[in-house]
Structures are given as structure tokens and as C-alpha cells.
Amino acid sequence: KQWYQAEYGGGSFSTDLRPTNAQSAMKVRILENYCLIATQNKQNVERALDSFMEVVATQSDHVPALLGSAIAFMILKQVPRARNQLKRIAKMTWNPIDAEEFEKAWLLLADIYIINSKYDMAQDLLKKCITHNQSCFKAWEYHGYVNEKEASYKDAANNYEKAWKFSNFTNPTIGFKLAFNYLKAKRFVDAIDVCHKVLHHHPNYPKIKKEILDKARSNIRV
């Protein structure tokens, strides 16, 4: 919910953007629909979905419209229909014009697969993300999460390290996960270091001191 609100905002679309040709008119239409989705209002989301589906009916390979319809279906709690739209994108050949939409579609579909414990299918999509964008921290984070679920704490730590790096060492959730997996992998000094960095920027971040920092310190003393 939050990531596409941050991307597209929640306000009304500017009437100053007047399209000058069919291509720019389509871009404006797509952006207007994303703005409608970001409001989280059911009627607005349904309006946007209808518009996206009209586009897809005439341009079956229109990636932004397919992604928009998938997001709308997710908000309307129609996950199977969202998954079908995302699978259509996953079968397409990547192109640089729609690079951002491809990445978001792969991540959203990977998230659906992870929720359903289809880890191999999720990881295939995450590898696509990283192939085209090495600094996609969300892909590295998801990789780490899958490793963690499989109790591969060393691999999880390695992937969370990259997610931590590419999120500029400031995302406290990723920092927590990295410190936790350092702890599980018996890398106690590294766990303490990350805890300190998280607490420096987020002094009241929950559980990190008691569940990770204190335990890592006690293991070093032993």
C-alpha cells in the first residue's frame, strides 16, 4: 500500500499537463489512474481499474496498464486476478522504457509467491530484478527473507547486507533483519555494529536492544 502512494501521491492530477499527441495522452491517462489508485478510495480504484482494462483490451502488452490493474486488483482484495496480470508481465521481454514497471511487477508477484511459500518461483523473479538493477534493495531484502525462512542464516545475512547497503544504511527494518541474521550466524560483533547504527538514527526502535544487541553482547562475554 505505502510504496505506490509514495510513488504516485494521493492528490488530484494537475490540469496544466495537456497532452500534445497520442503517446503523451496515454501517459497522462495512466498517471491519472495511478493517482486515483493512490487515494485508496474504492470507487476511485474501480474507476482506475476500468480505465486500465480498456487500455489492456487494445494494447495487451502495455506494461504500465497491466501493473496498474494488478495494483487495483490487490487493493480490491482480488489477489488471483492481480497475480494473472503480473504473470502476463513476467512472461514479457524486458525493455528499458518500462524498466521501472517491470521491476515493480516482478517484486509484487514475488511477494505473492513468498506469501504462498513458493520460494523458488519468487527467487527467479528476484534474480530478474537484480539482473536489471543491482541496487534494487527490495529484491535483496526478499532474497534474505527467503533464506531466513529456510534457516540459511549465513546466506540471509549476505543478502540483507546488500539490502542494507543499497538502502543507504538507513532502513531500520532491514537493519533489524540484518542484525538478527548476524546473531543467528554467530557474527556477534557485526550484529552489535548494525544495532548501534539502527539505534543511532532510531533510538526507540522496538525489540532490537533486548532481542539482538543484549544477546550478541552476552555471547561475546561467554
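# Exercises on a predicted helical model

Just after helix H2, Gln 40 takes a positive phi of about 70°.

## Exercise 1. Helix H2

Describe the length of helix H2, its start and its buried residues.

Solution. 

Step 1. Helix H2 covers residues 22-38, which is 17 residues. The distance from its first C-alpha to its last is 24 Å, close to the 24 Å expected at 1.5 Å a residue.

Step 2. Look at the start of the helix. A side-chain oxygen of Asn 21 comes to within 3.1 Å of the backbone nitrogen of Gln 23.

Step 3. List the buried residues of H2: Met 26, Val 28, Ile 30, Asn 33, Tyr 34, Cys 35, Leu 36, Ile 37 and Ala 38. When reading such a list, recall that an α-helix has 3.6 residues a turn, so residues three or four places apart point the same way.

## Exercise 2. Positive phi

State where Ala 151 and Asn 168 lie, and what phi each has.

Solution. 

Step 1. Begin with the background. Most residues other than glycine have a negative phi.

Step 2. Ala 151 is not a glycine, yet its phi is positive, about 60°. Ala 151 is found in the loop between H8 and helix H9 (153-166). Its relative accessible area is 45%, so Ala 151 is partly exposed.

Step 3. Asn 168 has a phi near 65°, again a positive value in a residue other than glycine. The place of Asn 168 is the loop between H9 and H10. With 60% relative accessibility, Asn 168 counts as exposed.

## Exercise 3. An aromatic pair

Classify the pair formed by the rings of Phe 176 and Tyr 205, and locate both residues.

Solution. 

Step 1. The count of aromatic pairs comes to 4. For Phe 176 and Tyr 205, the ring centres are 6.1 Å apart and the planes stand at 50°.

Step 2. Apply the cut-offs. Ring centres must lie within 6.5 Å; planes under 30 degrees apart count as stacked, over 60 as edge-to-face and the rest as tilted. The planes of Phe 176 and Tyr 205 are at 50°, so this pair is tilted.

Step 3. Phe 176 belongs to helix H10 (residues 172-184), while Tyr 205 is in the loop between helix H11 (188-201) and helix H12 (208-221). The two residues are 29 residues apart, and their pair links distant parts of the chain.

Step 4. Buried means under 20% relative accessible area. Phe 176 has 18% relative accessibility, so Phe 176 counts as buried.

## Exercise 4. Charges over rings

Which rings have Lys 162 and Lys 197 over them?

Solution. 

Step 1. The charged end of Lys 162 sits over the ring of Trp 140, at 5.1 Å from its centre.

Step 2. Lys 197 lies over the face of Phe 169, and here the distance to the ring centre is 5.8 Å.

## Exercise 5. Buried or exposed?

Decide whether Glu 141, Asp 120 and Lys 186 are buried or exposed.

Solution. 

Step 1. Glu 141 is part of helix H8 (residues 137-149). The relative accessibility of Glu 141 is 7%, so this residue counts as buried. Not counting residues up to four places away in sequence, Glu 141 touches Tyr 160, Ala 163, Thr 173, Ile 174 and Lys 177.

Step 2. Asp 120 is in helix H7 (residues 119-132). Its relative accessible area is 59%, so Asp 120 is exposed.

Step 3. Lys 186 sits in the loop between H10 and H11. It has 62% relative accessibility and therefore counts as exposed.

## Exercise 6. The whole chain

How many helices and strands does the protein chain have, and what percentage of its residues count as buried?

Solution. 

Step 1. The protein chain has 12 helices and 0 strands.

Step 2. There are 222 residues in the protein chain, and 43% of them count as buried.

Step 3. The C-alpha atoms fill a box of roughly 70 × 35 × 30 Å along the principal axes. The accessible surface of the chain comes to about 12,400 Å², and 50% of this belongs to carbon and sulfur atoms.

Terms used
Residues numbered from 1 in each chain as written. Predicted model: local features only at pLDDT ≥ 70, side-chain atom pairs only at ≥ 80, totals over all residues. Heavy atoms only, no water. Phe/Tyr/Trp six-rings, centres within 6.5 Å; stacked < 30°, edge-to-face > 60°. Helix = DSSP H or I, 4+ residues; strand = E, 2+ residues; numbered from the N terminus. Buried < 20%, exposed > 50% of the residue type's maximum accessible area, 1.4 Å probe, protein only. Lys NZ or Arg CZ within 6 Å of the ring centre and 35° of its normal. Expected span 1.5 Å × (residues − 1). Polar contact = N/O pair within 3.5 Å; in protein donor to acceptor, adjacent residues only side chain to side chain. Contact = heavy atoms within 4.5 Å. Areas by Shrake-Rupley, 256 points an atom, 1.4 Å probe, with all protein chains shown as cover.
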